[in-house]
Amino acid sequence: MIDKATLYEALAVLVAVVAGGVAWRRFHPLSFWFGVGFPARAVWLYATWLHVASACKLTHKRRRWRISLDTVPVIGSASREAMAVVERRHLRRVEVERAPRLGIIRPSRLGWRLPIKLNDGQIPDDFAKVAERLAHAWRAHAVRVLDSKPGKVVLIATRKDPLITVAPMAPTPDDLLTVRPGVLENGRPWVIDFKTVPHWLLAGATQSGKSTLMNAIIRGLAPQPVALVGFDLKGGVELTPYADRLSALATTRATCVQLLEGLVSELTHRMADCREHGVRNVWRLPEHLRRTPIVVVVDEVAELFLMADKAEKEQVAKTATALLRVAQLGRAFGVYLIVCGQRIGSDLGPGVTALRSQLSGRVCHRVNDPETANMTLGDMDPAALDAARAIPTETPGVAIVAGSDGSWHRARSALTTEAEAETAAHAHRELTTPWAQLVRTTPRAIPDDQAA
Ligand SMILES: Nc1ncnc2c1ncn2[C@@H]1O[C@H](COP(=O)(O)OP(=O)(O)OP(=O)(O)O)[C@@H](O)[C@H]1O
Ligand SMILES: [Mg+2]
C-alpha cells in the first residue's frame with residue numbers, strides 16, 4: 001500500500017519534470033530538440049519503420065523458411081471424445097515483408113538525416129515519389145531525397161519550414177560576383193555565384209517577391225568591383241532608384257537597342273583580347289588586361305519582346321538578337337544576366353524561348369500561369385515544378401532555385417527593401433564605371449589566325 005505522502009511526492013516530481021520540459025522547450029528549443037525531441041523521434045522512427053515503409057509501398061516480399069510450432073489434436077482410441085494435444089515443429093515457407101535497411105539517423109538543427117540502403121530493384125525516385133507520405137508519417141515539414149551513392153539514398157527531413165523567417169544576410173564584399181540573397185530550405189545560405197552560373201531567370205507572379213530578390217542582389221553586388229547595367233521598360237520605375245550604381249539604364253526601346261549593341265561590341269573586344277592571348281575566357285587573361293565584369297539586370301523581360309505596332313517589330317527583333325548574343329558570349333567574357341519576368345511564355349516569340357535556354361540559373365517564385373512555371377523549371381526535375389506550384393501566397397519571397405547541375409532547392413530571399421538597396425547603391429557610387437569607359441564601341445576584328 002503506497003501512503004499518501006509518497007503519492008503526493010511522486011505527483012509533485014512528475015509535475016516538476018513536465019513543467020521543466022515545457023519551459024526548456026519554450027525557452028531553448030534547439031537544445032530541447034537535441035536532448036529530448038530527436039532521441040524520442042529516432043526511437044519512434046526505427047520502431048515504426050516497417051509499418052511506414054509498408055504503407056508507402058517501399059517493402060519487398062520475400063519467401064523464407066520458418067520453423068513454427070503447431071498444436072495438433074489427437075483423438076484417443078479408448079473414447080472418441082477423449083482428446084490429447086501434442087506440439088509439433090514444422091518447417092514452413094512463409095512470406096515476410098522486408099523494408100529497406102535504415103542506417104544511423106543523425107540530428108541537425110532543422111531536422112534529421114537518415115541514410116537508407118535500397119532494396120534490390122529500388123531507385124531513389126521510388127523514395128522521391130513518397131516523400132510527402134513519409135513527411136506526414138514522420139510529422140515532418142518536408143522530406144527530401146538525396147541519392148548519395150549507388151544503392152543508397154539519404155533522406156533529409158525538416159521539422160518545420162525554415163523559410164518562415166529569414167534574417168538579413170551579411171554583405172559579402174570579398175566574394176567577387178557572389179551574393180547571398182537569402183537562405184535555402186536546408187538552412188544553408190542561398191548563394192548566387194555568377195562565375196559558376198552566369199545567367200539567371202527570375203520568374204514570379206505579381207507580389208511574389210521578384211523585386212525584393214533583385215534588391216538583395218543589387219545590395220550584394222553594389223560593394224563589389226563590378227559594373228551594373230539596367231534595362232527597365234516599365235518607365236524605369238524599378239531600377240531608377242539604383243541609378244547611382246548603374247553604368248547605364250535603358251528605359252526606352254531605342255536605348256535598349258543602343259545599350260545592347262554597346263555590350264555586344266564590348267564582348268567582341270573581350271573575345272579578341274582572349275584570342276590575342278590564347279585564352280578561353282577573361283578570367284585567364286593577365287590581371288591588368290581583365291575588364292570590369294558586367295552584370296546586366298533586365299526587369300520585366302516581356303516588355304522587351306512585346307510590340308504595340310509593326311513599327312516596333314524591327315527594334316524588338318534587334319533587341320532579341322542582341323540579348324541572345326550577350327547571353328551566348330557573356331559567360332566566357334565576363335558579362336552576366338539577371339532576367340526578371342512575371343510571365344515568360346512562348347507567345348512572346350521565339351526570342352524568349354532561345355534566351356531562356358541560355359539562362360541556366362532559374363528562380364521560380366509563386367506563379368499564376370502553369371506555362372511560366374514550365375518555362376522556368378520545365379526542363380528540370382518534375383518535383384521542382386510541383387514544389388513551385390505549391391508555393392503559397394502568404395510567403396512572398398519563397399522560390400524554387402535551380403542551378404545548371406539539375407539540383408534544386410526551396411529558398412527564401414531576406415526581406416530587402418528598395419530603400420536598403422538604394423542606400424547601398426548610393427554608398428558605393430564611386431565604384432560605378434562610366435558607360436563610355438565600360439564598353440569599347442570602335443569596330444575591331446577578331447584575329448582568326450591565333451586559335452585559343
Ligand atoms: N523575402 C521576403 N520576405 C518577406 N516578405 C517579402 C519577401 N519578398 C517579398 N515580400 C513581401 O511581398 C511584397 C511584394 O514583393 P515584391 O515587390 O518583391 O514583389 P514583385 O514580385 O516584385 O511584385 P510586382 O510584380 O508587383 O513588382 C513586398 O512588399 C514584401 O512585403
Ligand atoms: Mg516588382
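Predicted model: local features only at pLDDT ≥ 70, side-chain atom pairs only at ≥ 80, totals over all residues.
**Entry 1, domains.** I started with the division of the chain. The assignment gives domain 1 as 100–160 and domain 2 as 178–438. I took the centres over C-alpha atoms and found 35 Å between domain 1 and domain 2. Domain 1 puts 5 residues into the contact, and domain 2 puts in 6 residues. I then looked up the buried area between the two domains, which is about 410 Å², with 47% of it from carbon and sulfur atoms. On the domain 1 side, L110, H141 and R144 account for 81% of the area buried against domain 2, more than any other three residues.

**Entry 2, the sheet.** Next I traced the strand order. I found an open sheet of 10 strands with mixed pairing, and its order reads β9-β8-β17-β16-β15-β10-β14-β13-β11-β12. Which strands stand at the edges? They are β9 (189–193) and β12 (246–250); each has a single partner strand, so one side of each lacks a neighbour in the sheet. On average, neighbouring strands are turned by 25 degrees against each other, direction ignored.

Strand β10 (residues 199–203) and strand β15 (residues 361–364) run parallel and are joined by 4 bridges. In this pair, A203 stands opposite C364 of β15. Helix α10 (residues 370–377) packs on the sheet and touches β10, β15 and β16 (398–402). The direction of α10 makes about 155 degrees with that of β15.

I went back to β9 and its partner. Strand β8 (residues 178–184) runs antiparallel to β9, and 4 bridges join the two. Opposite I192 of β9 I found V179. The hairpin of β8 and β9 has 4 residues between the strands, and there G187 takes a positive phi near 90 degrees. I also sorted the residues of β9 by face. W190 and I192 are on the covered face, while P189, V191 and D193 are on the uncovered one.

I looked up S413, which lies in strand β17 (residues 408–413). Is S413 buried or exposed? Its relative accessible area is 5%, so S413 counts as buried, the cut-off being under 20%. Leaving out residues up to four places away in sequence, S413 touches V166, P181, G182, W190, T212, L213 and G397.

I then turned to Y336, in strand β14 (residues 335–341). Y336 has a relative accessible area of 1% and is therefore buried. How far apart are Y336 and H199 in sequence and in space? They are 137 residues apart in sequence and 5.5 Å apart in space, C-alpha to C-alpha. H199 is also among the residues that Y336 touches, with residues up to four places away in sequence not counted. Others in that list include L177, F194, K195, P198, W283, P293, I294, V295 and V296. G330 and R331 are in it as well.

Last, I checked for disulfides. The count is 0, with a cut-off of 2.5 Å between cysteine sulfur atoms. I looked at the accessibility of two cysteines. C56 has a relative accessible area of 7% and is buried. C274 is buried too, at 1% relative accessibility.

Terms used:
Residues numbered from 1 in each chain as written. Chains lettered and ligands numbered in written order. Heavy atoms only, no water. Buried < 20%, exposed > 50% of the residue type's maximum accessible area, 1.4 Å probe, protein only. Pairing = 2+ DSSP bridges. Axes fitted to C-alpha atoms, helices over the stretch in contact; angles between N-to-C directions. Contact = heavy atoms within 4.5 Å. Domains from an automatic or database assignment. Buried area = accessible area lost by both parts, 1.4 Å probe.
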